[in-house]
Amino acid sequence: MSRRFLFVLGSSRSAGNTELLARRAAEQLPTDVEQQWISLAEHPLPDFVDLRHDADHTRPREGNAALLLDATLAATDIVIASPLYWYSVSGHTKRYLDYWSGWLRTPHVDFKATMAGRTLWGVTALADAEPVVADPLIGTLNNSAAYLKMRFGGVLLGNGSKPGDVLNDTAALARAKTFFASEAPLARFPGA
Ligand SMILES: Cc1cc2nc3c(=O)[nH]c(=O)nc-3n(C[C@H](O)[C@H](O)[C@H](O)COP(=O)(O)O)c2cc1C
């Protein structure tokens, strides 16, 4: 299967540090790897409603939920490019992940079987100088990948506050050059 990367942009502003860093990493992907970029701020999902146990719960056929579901199912690699907001993923990103719970129970979607073996990656920018404060975001993505039996490529971290700051983080730019070439083992829950 040829690889297809879906970049899910979770910032509430465009061309922020997270997106800049993700684009630097994506520049290194081979040309035969397809890329799709979707900004959640530009394609907002309605409030998540938990319909998992409702019998008439059906697959979305239009709107941003359908766009994101189809793009997610079509991707071999999903890149969550979310800024660090309150030590975790942004609200837009969290809502997208909440939708995964609905898709897991949507008839005829086969979300769990489709996602198993695919790869989840993260890219995040944070203002704090201590990368360790992003551990909750890393844990969220690692555990979500483990739950779905996905591979996890880790999280590319960059430092910055105002847009463009991350371009001064030379260590992050260096990591971006090889990020998507790194090993992505099957995700495991901590202690498993
Ligand atoms: C709502 C909000 C919450 C934030 N929370 C954190 C945080 O917990 N830790 C941190 O280091 N930076 C935090 N920041 C700063 C952003 O992570 C930083 O500005 C980052 O560059 C934003 O990414 P973006 O440029 O891609 O939008 C926060 C910013 C906002 C707007």
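How do the residues of the shell around the ligand divide into nonpolar, polar and charged?

The model is predicted: local features need pLDDT of at least 70 and side-chain atom pairs pLDDT 80 or more, while totals for chains, interfaces and linings use all residues. Residue numbers start from 1 along each chain as its sequence is written.

**Exercise 1.** Classify the shell around the ligand and find its sources.

Step 1. Ala, Val, Leu, Ile, Met, Phe, Trp, Tyr, Cys and Pro count as nonpolar, Asp, Glu, Lys and Arg as charged, and the others, Gly among them, as polar. The shell then holds ten nonpolar, six polar and three charged residues.

Step 2. Around the ligand there are 19 residues, of which Ser11, Gly16, Thr18, Pro83 and Asp128 come nearest; a residue is near if its C-beta atom, placed from the backbone, lies within 6 Å.

Step 3. Helices (H or I, at least four residues) and strands (E, at least two) are DSSP runs, numbered from the N terminus. Helix α1 gives the most to the shell, three residues.

**Exercise 2.** Trace the sheet and its pairings.

Step 1. Strands pair if DSSP finds at least two bridges between them. The open sheet has five strands, ordered β2-β1-β3-β4-β5, with parallel pairing. Its edge strands, β2 (34–39) and β5 (151–159), each pair on one side only.

Step 2. Strand β1 (residues 4–9) joins β2 through six parallel bridges, and phenylalanine 5 has glutamine 35 in β2 as its bridge partner.

Step 3. Seven bridges link β4 (residues 119–126) to β5 in the parallel sense; here alanine 125 stands opposite glycine 158 in β5.
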